[in-house]
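Reader: I am learning to read protein structures, and I would like to go through one step by step. Could you take my questions in turn?

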Amino acid sequence: MSTLQAEHVYKVFGRRADEGVRALRDGADREELRADGTTAAVIDASFSVEPGQIFVVMGLSGSGKSTLLRMLNGLLEPTAGRVLFDGQDLTALGAGEMRRVRSTKISMVFQHFALFPHRDVLENAAYGLEVQGVSRAERERRAGEALELCGLGGWERSWPDELSGGMQQRVGLARALATDADLLLMDESFSALDPLIRRDMQDQLLELQRRLKKTIVFITHDLNEAMRLGDRIAVMRDGRIVQQGTAEDILTRPADDYVASFIQDVDRSRVLTADAVMDEPTADADACACPTVPADTPLADLCAVSARVPHPVAVTGADGAVIGSVPQGRLIAFIGDEPRPPMACVEVAA
Ligand SMILES: Nc1ncnc2c1ncn2[C@@H]1O[C@H](COP(=O)(O)OP(=O)(O)OP(=O)(O)O)[C@@H](O)[C@H]1O
Ligand SMILES: [Mg+2]
């Protein structure tokens, strides 16, 4: 069963919101509505997120990402459509029941995570549990575990202003994890961090996710971050989801010119993996001196291997058997987006 589903969700702001939805269904576009003071923030969004998946919503500023996320945790009511979580229709819940679901099953991590300055790190991480009325001993135990998971063991009694920005953001993540919520909603959670710390946080999230298997919706305007984190990615433009799929789908089969222009600068060599570019195994793959790489090897690393030998690189599956082969020419075709030179390969080979 899929954990989170959005079904034809709309959010229209303005006095004549319902009329706006009808007009959109009849083919009106966002600009026509704007002319009479109505904002179509989210238009006909449908998707489902399976348990254990990271679903990334990507798009430029104003494309409707935060509005969509706020409908997923009931902070905003959709103008039309339904949001189902664990089969329960969130849009049909009363305010009290929605608050209960929000405080026990859903956690949010924002871009600028506001920590309470007069509470220490442990108390900050335990805040969500305090709101739920969990006893002090229990909440400190669970918050302590969450801090440990986020690499902040030993910092429990420090004050927020003693922590770097990245560490403060990790306290925010620990607070979200401490409640044991199944659904984690993250809105530009790493965007305020500098690039190295941001990469660290991404790694940490991927590592945590391998262990905890939450259902995560992660919002970002950074395509490289989206590609790194997302099991599936939805690209939003002007309120609509214009494409959803895996990073590989989006890179190799962009739905339209807009998505194509977006992915122009993505470092394909880090996103695409050997199995995405391999051909059928060559007949002599086992016999030749072909080097082998596992199927999930990023192209950048595959290039380094390929550059050292004159023959194709064999790709192996989980059981070690050869499942494909990558001739050098094919690798260059994938990484180099003609007429750009295949930078990654050139650098490695030089
Ligand atoms: N409460 C509101 N009332 C009216 N319009 C709103 C409201 N909230 C958002 N909007 C409008 O909805 C559109 C989508 O906004 P939203 O905040 O969802 O975009 P976003 O993709 O999260 O952008 P950013 O990347 O800048 O955070 C924008 O045009 C915004 O002005
Ligand atoms: Mg936003």
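**A helix and the sheet beside it**

Author: Helix 8, made up of residues 165-178, lies across strand 6 and strand 7 and runs at about 175° to strand 6. Please keep in mind that this is a predicted model.

Reader: In what order do the strands of the open sheet come, and which are the edge strands?

Author: The open sheet has 6 strands with mixed pairing, in the order 6-7-8-3-9-10. An edge strand pairs on one side only, and this is the case for strand 6 (106-109) and strand 10 (240-245).

Reader: Why can helix 8 be called largely enclosed by the rest of the structure?

Author: A residue counts as buried if 20 or more other C-beta atoms lie within 10 Å of its own. The buried residues of helix 8 include Gln168, Val171, Leu173 and Leu177, and their packing partners include strand 6, strand 7 and helix 9 (195-212). Helix 8 is largely enclosed because the number of its 14 residues that are buried is 11.

Reader: Which residue with a positive phi follows helix 8?

Author: Helix 8 itself reaches 20 Å from its first C-alpha to its last, close to the 20 Å expected for its 14 residues. After helix 8 comes a residue whose phi is positive, near 65°, and this residue is Asp180.

Terms used:
Residues are numbered from 1 along each chain as its sequence is written. Chains are lettered from A and ligands numbered from 1 in the order in which they are written. This is a predicted model: local features need pLDDT of at least 70, side-chain atom pairs count only at pLDDT 80 or more; totals for chains, interfaces and linings use all residues. Two strands pair if DSSP finds at least two bridges between them. Helices (H or I, at least four residues) and strands (E, at least two) are DSSP runs, numbered from the N terminus. Two residues are in contact if their C-beta atoms, placed from the backbone, lie within 7 Å. Axes are lines fitted to C-alpha atoms, for helices over the stretch in contact, and angles run from 0 to 180 degrees between N-to-C directions. The expected span of a helix is 1.5 Å times one less than its number of residues. A residue is buried if 20 or more other C-beta atoms lie within 10 Å of its own, exposed if 12 or fewer, and partly exposed in between; C-beta atoms are placed from the backbone.
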